Amino acid sequence: MDILSLLVVIPMLTVFILFFVKDMQMVRIIAAAGMFVETIVTFFVTRNYVASRGSGDTSEFLMTKDFTWFESLNIHYFVGVDGIAVAMLLLTAIVLLAGIFISWNIEDLTREFYISLIILGTGVFGFFISLDLFTMFLFYEVAVIPMYLLIGIWGTGPKEYAAMKLTLMLMGASAMLLVAILGIYYFSGQTFNMQEIAHAHMPIVAQRFFFPMAFVGFGVLGALFPFHTWSPDGHASAPTAVSMLHAGVLMKLGTYGAFRVAMYLMPDAANEMSTFFMGLAAIGVIYGAFGAIRQTDLKYINAYSSVSHLGLIFFGMMALNKTAYTGAVLQMISHGLMTAVFFALIGMLYGRTHTRDVRKMGGLLKVLPFIAVVYMIIGMASLGLPGLSGFVAEMHIFVGAFQNPDTIHRIFSILAVSAIVVTAVYILRVVGMMLMGPIKHQEFEDLPKAVWYEKVGALLVLLPVMAIGLAPNWLVSLIQDSLAPIVEQLSHSGY
Amino acid sequence: MIEGIGVFDVLAVSTIIFFVGLFGFVTRKNMISLLISIELMLNSVALNFVVFNKFLYPGNIQGYIFTLFLIAVAAAEVALAIAIIISFYRMDNSIDADEMDSLSG
Amino acid sequence: MDFKFTIWILILPTLVFLFTGLLGKKMPAKISGWIGTASMATAMLLAYKTAYEYFFQVGFVDGIRPTIFAYKEVWMKFTDTLVFDMGILIDPISVLMLVVVTTVSFLVHLYSIGYMHGDQGYYKFFSFLSLFSVSMLALVVATNIFQIYFFWELVGVSSYLLIGFYYDKPSAVSAAKKAFIVTRFADLGFLIGILLLSFHAGTFDFMTLVSEDGPLLAQTAPPVFMGLSIFGVALSLIFVGGAGKSAMFPLHIWLPDAMEGPTPVSALIHAATMVVAGVYLVARLFPAFQGVDGGAVLHLVAWTGAISSLFAAIIAMTQDDIKRVLAYSTMSQIGYMMLALGVSGMEGHHGLGYMASMFHLFTHAMFKALLFLGAGSVIHAVHSNLMKDMGGLRKYMPITHITFLIACLAISGVPPFSGFFSKDEILAAAFEQNKILFAIEYAVAGLTAFYMFRIYFGIFWGKETVYKHTPHESPLTMSLPLLILAIATVFIGFIPFGHFVTADRALYDIHIDPMMAGASVGVGLIGILVAYILYKKESTLADGVSEMFGQGYTWAKDKFYMDEVYQFFAHKMMFAGVAAPVAWIDKNIVDGFMNGIGWITETFSMMLEDWQSGRVRQYAFSFILGLLVIIFAVLYLNGIIDFKG
């Protein structure tokens with residue numbers, strides 16, 4: 001078996017084993033072990049990838065494996081990775097493993113919870129390695145469906161409403177996506193193979209019709225303004241690990257898909273419509289940031305902050321140059337890590353204080369030093385402090401965006417850049433209200449400190465944030481090496 | 001076969017029986033009446049089968065066999081329907097078809 | 001001379017930051033303090049070594065001081081030409097800043113050992129101090145405008161952490177937040193400026209940006225905004241960033257509040273080093289400022305400096321909190337430096353302003369740090385910031401008294417103290433360039449002397465206050481830095497500064513014009529005299545004078561309501577005017593639209609529900625009706641019947 005398929009098989013095996021385990025502690029250990037192996041395999045994939053690139057292999061995708069699945073419709077199980085996918089796989093592995101640790105204290109239906117979580121993970125891994133649109137769509141659905149159960153069963157608050165809203169909006173998006181994928185299939189000579197489609201050059205009329213469909217279809221999952229409203233409610237109701245995975249990884253399926261499928265396969269329409277979507281993304285960036293200022297629920301703050309940061313990803317993509325693409329991919333990773341830690345910390349705080357209202361907390365730096373310090377560091381990363389990953393990503397996007405001197409681009413770019421101030425406002429507002437100041441309630445005086453699995457979970461994600469921020473070059477070159485064909489594709493708009 | 005009775009006579013009878021059944025089905029409220037109406041319609045159809053087989057394909061027997069099936073199925077159906085009606089009667093103390101709307105969506 | 005050793009100036013504080021930050025809790029508190037101080041002392045010695053080797057061993061190459069890159073590594077590549085380097089650049093101003101930052105930082109470290117004694121967050125304090133020091137040092141040796149921005153943000157965050165050091169005090173938290181957000185807002189301008197340069201100049205490298213045949217100076221771009229070319233716009237935006245960090249009007253509002261931080265922090269960050277980063281930035285890009293659009297941006301710099309210095313001096317006269325007076329005084333003195341840069345040219349005598357600005361930066365760092373540390377010593381003794389709680393302290397705290405007096409004389413421009421030399425040069429430069437600017441600065445010199453001696457007399461003379469605990473002189477760790485700084489304040493004015501730092505980097509001899517010197521000393525003495533009459537003894541005279549100014553006094557005391565203006569913008573405009581509507585729109589319109597789709601679907605299904613009544617006869621009826629329709633349709637379509645008859 002090839003190494004990439006292993007990424008899908010290991011979680012599936014883990015799920016299979018979990019079905020037969022009765023002891024809850026055993027369930028946790030097996031889930032953690034399975035995902036640990038998965039992470040190791042991901043590291044191997046990365047190592048192999050870097051090694052073969054280093055030895056001069058310049059083909060677009062490495063470690064490819066093609067296997068005909070359904071001949072009459074030309075559906076293949078076709079997998080392979082490039083640098084972007086490898087980076088996304090690393091992100092997924094880290095966040096998933098951290099999520100397993102963070103959910104260590106889930107007591108009801110532990111086994112079912114882990115099974116759903118890992119099925120979700122399977123879908124995500126499968127999605128990132130797929131090079132066949134049909135397989136990709138299949139894995140996409142595999143990743144999205146467990147969300148309904150995870151939120152509906154283990155969630156808090158108005159969870160049925162949130163789960164239903166999320167599922168319906170994502171299903172609506174999937175419907176659009178399916179139409180787009182079928183459109184691509186028919187207009188590029190009946191193939192689902194992405195490489196073939198990219199070289200087939202769909203007719204411009206078809207691109208004009210299917211590009212917005214695919215972009216918006218993926219955009220809904222990526223919380224593209226104005227299709228983001230499922231995300232605050234969904235995140236607020238979801239259990240911690242699910243929020244982590246969802247905001248950290250699943251939403252990146254949307255941005256990755258919008259980049260890989262919509263833009264890469266339909267470059268001419270992407271060029272034509274870039275200004276419109278860039279504007280939408282820029283509005284989303286500033287809109288999400290302002291939205292976050294007014295919220296009092298930590299999860300809502302973070303959800304709106306995600307809208308803002310994900311808007312920056314779309315913004316970077318639509319700036320249509322290599323620097324900005326690099327920034328967009330970096331931002332996917334950076335935001336994935338940051339937001340995962342955020343949700344993990346919010347879960348820990350909620351578990352202790354039983355509130356997520358920032359107005360009711362205060363002075364937590366004194367009683368929960370570990371959580372508070374990590375929260376501050378991640379907050380700083382989120383507002384783009386140099387030395388942490390957010391800075392690297394944002395600067396790439398901004399520099400990229402400024403390479404187009406067009407007035408309208410300038411206006412959108414300045415709009416997007418100004419979000420750094422608004423972000424500082426809401427991050428510092430939360431830090432000031434929640435972590436600093438006097439302790440508001442007597443019972444907060446003796447909250448339990450962070451325990452080992454929480455520390456492991458948080459540090460697992462925090463360390464890469466710092467590593468990327470301090471030494472971004474390896475990741476940047478990993479991504480940039482693979483951007484060449486995409487840049488090529490998008491800059492040769494023949495119309 | 002009785003002399004002097006042609007295919008059209010029989011078909012006329014079967015048509016009359018069918019529409020009597022249809023009329024009864026649409027106008028009656030009593031479940032038993034509905035059941036009788038359905039039986040009338042089924043029988044008119046059975047009659048058609050027999051007549052067409054007799055006059056058009058005298059060599060074949062499919063029409064007769066089908067009629068036999070029809071009779072058997074109709075009997076089973078009546079048995080079921082009566083059972084349903086009785087259980088409804090036990091629940092609601094009524095066999096008025098308009099009062100039964102638990103099938104509503 | 002390759003200056004490879006300079007990297008240790010940065011590495012040492014970094015190691016201390018990590019070490020004390022991670023392990024400080026587990027060690028006895030004292031250790032982190034002494035480790036920090038020792039590492040800073042080493043860094044200081046290395047900085048002196050750098051200065052010695054650079055100024056005396058390297059000396060002049062072809063008559064000018066060369067630029068040396070000790071390190072220059074690619075940190076991040078945006079494109080093949082747009083590169084984000086990290087490195088160490090050695091030239092006169094970076095060496096000057098290395099010396100200033102390490103010296104003040106070392107003395108503040110030493111001072112803090114005594115000042116922070118017994119504080120809960122002792123190790124954290126030293127850890128943050130090291131973080132600040134390393135960020136500031138890396139900022140001043142930047143080779144690249146993006147490197148400056150990188151560390152610019154890091155000094156901002158260390159300032160945030162240190163202002164909010166007493167984080168359970170709500171006022172400290174909000175002051176920290178305010179400082180960060182206001183400077184962040186200014187940094188937005190800085191960043192946009194950098195980004196504009198990235199496209200139009202195509203480089204981030206300082207050497208390319210300021211070189212004669214570089215993209216900025218060689219090209220003439222058409223004007224795009226208010227007569228400025230795109231480069232002018234970019235430089236103005238970069239200056240906005242510098243103005244925010246240097247607390248220039250109207251972005252100064254964070255600086256007085258920043259005094260919520262521990263006093264050594266105020267001395268280090270908000271007096272001597274971080275706040276002059278804006279001046280340093282302009283000086284670093286000076287040839288570009290000077291060359292682009294015929295120096296139009298420099299007018300902006302000069303006027304901002306002048307207005308800030310006057311504005312701050314007026315407010316400083318009315319404040320009662322001694323740290324706030326010092327904060328406004330800092331703002332005023334930085335205004336001087338900005339103004340001096342603004343009126344400067346490049347060559348020889350025309351470059352006087354640049355030299356004077358850097359000289360003033362140097363002397364100001366010493367005497368202002370001394371003033372703050374002295375004030376800290378006083379606050380430590382009487383446990384209050386307010387002048388009304390002080391008086392007659394000269395008897396209890398002789399060392400503090402004398403050193404504070406020296407610093408006051410220096411800032412008032414009395415010879416032979418250092419401030420005299422630098423301020424005199426600034427006034428001379430302003431006089432030659434623009435008489436109005438000169439008049440403003442001349443007045444400010446008098447005001448400066450007045451408000452400084454107002455607090456001096458208020459603290460050490462004035463009314464005989466009865467203290468709950470008898471104040472006593474501070475311990476040696478605190479008084480030693482005071483003495484060192486006082487000695488420096490007395491002597492550094494005699495350094496022939498023109499031999500070291502000038503705009504064109506050639507040798508320049510300072511001439512002291514007796515007329516100018518006499519005039520500036522005179523106005524200083526008048527200020528001191530007025531303060532002496534009003535505040536030497538407790539009297540009602542001062543109140544009478546302030547009443548004379550009536551409304552004007554109240555305005556100045558209320559800082560000309562700048563805070564309220566900002567409050568209005570921040571709360572009324574941003575919160576109520578933008579954030580609240582956004583939240584409302586999101587909930588009602590955007591989400592309402594999505595919910596509306598759900599509602600329509602549901603209503604539609606409700607409507608269909610009536611068809612599914614559950615009545616069998618109704619179903620049968622529809623069935624028959626449908627059947628009939630189909631039969632007729634089939635017959636009609638096959639032409640068997642015709643409705644037309």
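This is a predicted model: local features need pLDDT of at least 70, side-chain atom pairs count only at pLDDT 80 or more; totals for chains, interfaces and linings use all residues.
Q: Between which chains are the most contacts found, among the two pairs that touch?
A: Two residues count as in contact if their C-beta atoms lie within 7 Å. Chain A and chain B share no contact, and their closest C-alpha atoms lie 21 Å apart. Two pairs of chains do touch, and the most contacts among them are between chains A and C.

Q: Which element gives the largest share of the side of chain A that touches chain C?
A: In this interface, 40 residues of chain A are in contact with 37 residues of chain C. Several helices of chain A give two or more residues to that side, including α6 (159–187), α11 (267–294) and α20 (473–491). The largest share, six residues, comes from α18(A).

Q: How many residues of the side of chain A that touches chain C are nonpolar?
A: The side of chain A in question consists of 40 residues in contact with chain C. Of these residues, three are charged and 11 polar, while the nonpolar ones number 26.

Q: Why is chain B described as more spread out than a compact globule?
A: Chain B has three helices and zero strands, in the order α-α-α from the N terminus. For its 105 residues the globule rule gives 13 Å, so chain B is more spread out than a compact globule, with a radius of gyration of 17 Å.

Methods. Residues are numbered from 1 along each chain as its sequence is written. Chains are lettered from A and ligands numbered from 1 in the order in which they are written. Helices (H or I, at least four residues) and strands (E, at least two) are DSSP runs, numbered from the N terminus. The radius of gyration is taken over C-alpha atoms; the globule rule is 2.2 Å times the number of residues to the power 0.38. Ala, Val, Leu, Ile, Met, Phe, Trp, Tyr, Cys and Pro count as nonpolar, Asp, Glu, Lys and Arg as charged, and the others, Gly among them, as polar.
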